[in-house]
Amino acid sequence: MANVKVPESLPQGLATELVEALLAFMAQQDSTEDEFNLHALRLFAHQFQHNTAFQRICQLRGKTPRTVRSWRDIPAVTINAFKELSLSCVPPEDCERVFMTSGTTRGDVRGRHYHPTLAVYDASMTRNFSQRFMQGADRIRMGILFPDEVVMPNSSLAHYLALAMREFGATGSDYFLGPQGLDSARLSEVLAQVQQTGEPLALLGATYSFVHLMDELQQRGQSFKLPKGSRVLDTGGFKGQSRELPMEDFYAQLSSMLGIARSQCLNMYGMTELSTQFYDAGNATLPSVKSGPHWIRSRVVDPLSGKELAPGERGILVHCDLGNFNSVTTILTEDVGVAVEGGFLLLGRAAGAQAKGCSLAVEDFLQAARA
Amino acid sequence: MSTFKAVAGYLPGLKAEELQWQTLNFSSRGDTLEVAVPVLSPAQLVALAERVRVASRRALKTMSVSQIIAVVDRVIARLLDPGDPYRQEAEKLLPLVTGYDPEMVRLGFTGYLKTFRAPQLQRFVAEDFANPKILDEFQPIQKGGMARAFGPELMVHIWAGNVPGLPLWSLISGLLVKAGNVGKVSSAEPLMASLFARLLAEVEPQLADSLAVVWWKGGDAAREQALFGQADLVAAYGGNDSLAQVRGRVPITTRFLPYGHKLSFGMVGRAALDARRAVSTARLAAYDVCRYDQQGCYSPQVFYVERGGKVAPQEFAQYLAHELAALEHKYPRRILPLEEAAGVAGWRQTQELKTFSQTGASLIGEAGAAWSVAYADAAQPLAPCALNRSIQVMAVDSLEDVVPQIAGQRAFLQTVGLAAAPKELFRLAEALGQAGVTRISAIGAMTAPEAGWHHDGRFNLLDLVRLVEIEQSAENAAESFAPYQD
């Protein structure tokens, strides 16, 4: 288990007590609605005071720390705002790290998420990962199907995976994605090796990298039956980086080619704009229920009115992540979801609605602009 | 809360039990509608195409254009009659299918149908053919010799979208040039063309086999290839992606007419911006925005408003917002599916963020309102809004300044709603036409093109026909072979 401490030198303007209180809160086993609320409102007041851009958004919506009484009332900031505004309580140049979105959806404008310290992100990631992915194990041999942090210093996923390997990877853990792409030859050697030795292996990476892996293995006519305890973590979807296939087929193929039960194929749902991730408990049946730790709460809302929808109704996901202590706690995603018992179902992206008539729609327009 | 059922398609010679059926579900304002759509096998499509081709040769191609116009006129008269069961069915079902406000559909439908009455159709034909008799028999032509216009043996229509009645344009065009017609309706609005075809067969049973209305789920390669292989001409509507896909399946020897999605906008000159006229212009502009919730290719997505009038562009944006709010009471926006609602919400947020960085920018309309007006104090390149009654108003120093802003969208431009004095109208028309615009209308008439308009700047009927010429030399030579030749 990672032992994360508040670094000794923090940028000015960063309320050290706030971070300490937050880390202590995250270290709790669980929390009540009231406790969550208390921390959320404290962070809201802090962000309202120290981030002018956010303050203006709040003022446009008529929300101030005086009127916001619950975490549910905190104005949700669209993820697009991370592209247009500087959402940080401390000067961006004083931040330890900035994570950027891949910029695949809207030209070259990339969303920026400023982290004055990675202490909170790392604590959030490791506690949650240990519980949801490691399932009690201390370490496991890992194969990472994603570039490392040196290649992608602004990728939150690269950092996430580096952290996973550093904190939880057993000897022999390694990256299998370099500048030349997926090193499938070396990876299949490892797969064959662990199949023999019986050492469990965890493969972690972008969903599309697993498609590349499966395509390669198929071409070689290879398949494996990985030892008990082996597991998979995929994240992020296909993003136009591989052929797209229905998720049902994706997990069926993954499971049969690697010999890992679908219940051991986990999907992580994370975003550059968050500091906390969601997991499911395997993908034996789809869509799987996603949930996060006690320091993040989600709502499903009507995108136009912002009103929360009843469980079972399709809407847009809003997350309130206390790990986002420096940016904004509450973000409005472009993801469609449904609230269910124990979490939510993730049903894909809402962006890119096609016109129903013959009027040119934004999506067509962007496509034409890209072409 | 009721459930209605309807059947789409019109398939002469095929019995319901010979077909596979699927159900498309619609719901609006608490009512639901189940539409059964027929799924023909590729072989059935080919057989149907053959039947239509043969029948149209016998029935449609032996009629004169005037006779065809008379038949269509009788069909339209039935559809305009409030007591007619077909009209009543259309009025009941179209709002359910499209989600549009019933009263808006009723009024729009009437206005639209009126453009297909006999005098309007005659104008429509005369627009493309100086001598309409050329569609019936060989006629002398200017350069010498004779010519006759033949319509396709088989014209296939691929319709898209949910703007009610849109398929009637191309279907009636096909009839006027005496083509056998097979039209594929869209999943978003499968009923209107089906109703029209059935009614036509009832009004003129002789034409019953000259047209058919089918359905398949868009993009079905096997069915598209099978039917396109039978066609002389394929007219397709849709986004560029789906058009490209369709084009790939049309044989090279078959004519292909694509009608892509378009981008339209309005321009308000300072002459229209005195205290009295600004209000009425804003009202008309709001009407163009509300009509079919901007789903039409002719629907405005931006209004460029000229500075220097009594009413400033920003005030005009306020007037427009006010009129949109009023129209929302009269013709409420349809209930948006989640994806479209998210699109509007996303657009609103982007506009909201712009107010931080752009001086004078504002967003008018509450988050929950069924309309939004974004105002920008400086002209920006033309770009789509989120439709569904979201509109961008931009100030320009002079209407001339609009021209460079639309240059990048040349391939997508269609209608400009223009409010300006005559001299400006003609000066701007020149520049707009050069930029790629194909239609300039009054504001308030953007969504109701005149009978006989040249859709996307093309010839509705001329583009469909093949001219067969008897050259003067043939006529001269024939003289020498006449039995009465000395």
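The C-alpha centres of domain 1 and domain 2 of chain A lie 31 Å apart in this predicted model, where local features need pLDDT of at least 70, side-chain atom pairs count only at pLDDT 80 or more, and totals for chains, interfaces and linings use all residues. Residues are numbered from 1 along each chain as its sequence is written, and chains are lettered from A and ligands numbered from 1 in the order in which they are written. Domain 1 covers residues 16–98 of chain A and domain 2 covers 119–293, with bounds from an automatic or database domain assignment. Their contact (C-beta atoms, placed from the backbone, within 7 Å) takes 7 residues from each domain. On the domain 1 side, helix 1 (residues 16–27) of chain A gives the most, with 4 residues; helices are DSSP runs of H or I, at least four residues, numbered from the N terminus. That side divides into 7 nonpolar, no polar and no charged residues (nonpolar: Ala, Val, Leu, Ile, Met, Phe, Trp, Tyr, Cys and Pro; charged: Asp, Glu, Lys and Arg; polar: the others, Gly among them).

Between the chains, the contact takes 39 residues from chain B and 33 residues from chain A. Helix 12 (residues 338–357) of chain B supplies the largest share of the chain B side, 15 residues. The chain B side comprises 20 nonpolar, 15 polar and 4 charged residues.

The largest nonpolar core has 241 residues; such a core is a set of buried Ala, Val, Leu, Ile, Met, Phe, Trp, Tyr and Cys residues joined through C-beta atoms within 7 Å, buried meaning that 20 or more other C-beta atoms lie within 10 Å of a residue's own. Among the members that touch the most others are A:Leu145, B:Phe316 and B:Val373. Leaving aside neighbours within four places in sequence, the contacts of B:Val373 include B:Leu320, B:Ile364 and B:Val393.

Technical notes
A residue is buried if 20 or more other C-beta atoms lie within 10 Å of its own, exposed if 12 or fewer, and partly exposed in between; C-beta atoms are placed from the backbone. Two residues are in contact if their C-beta atoms, placed from the backbone, lie within 7 Å. Helices (H or I, at least four residues) and strands (E, at least two) are DSSP runs, numbered from the N terminus.
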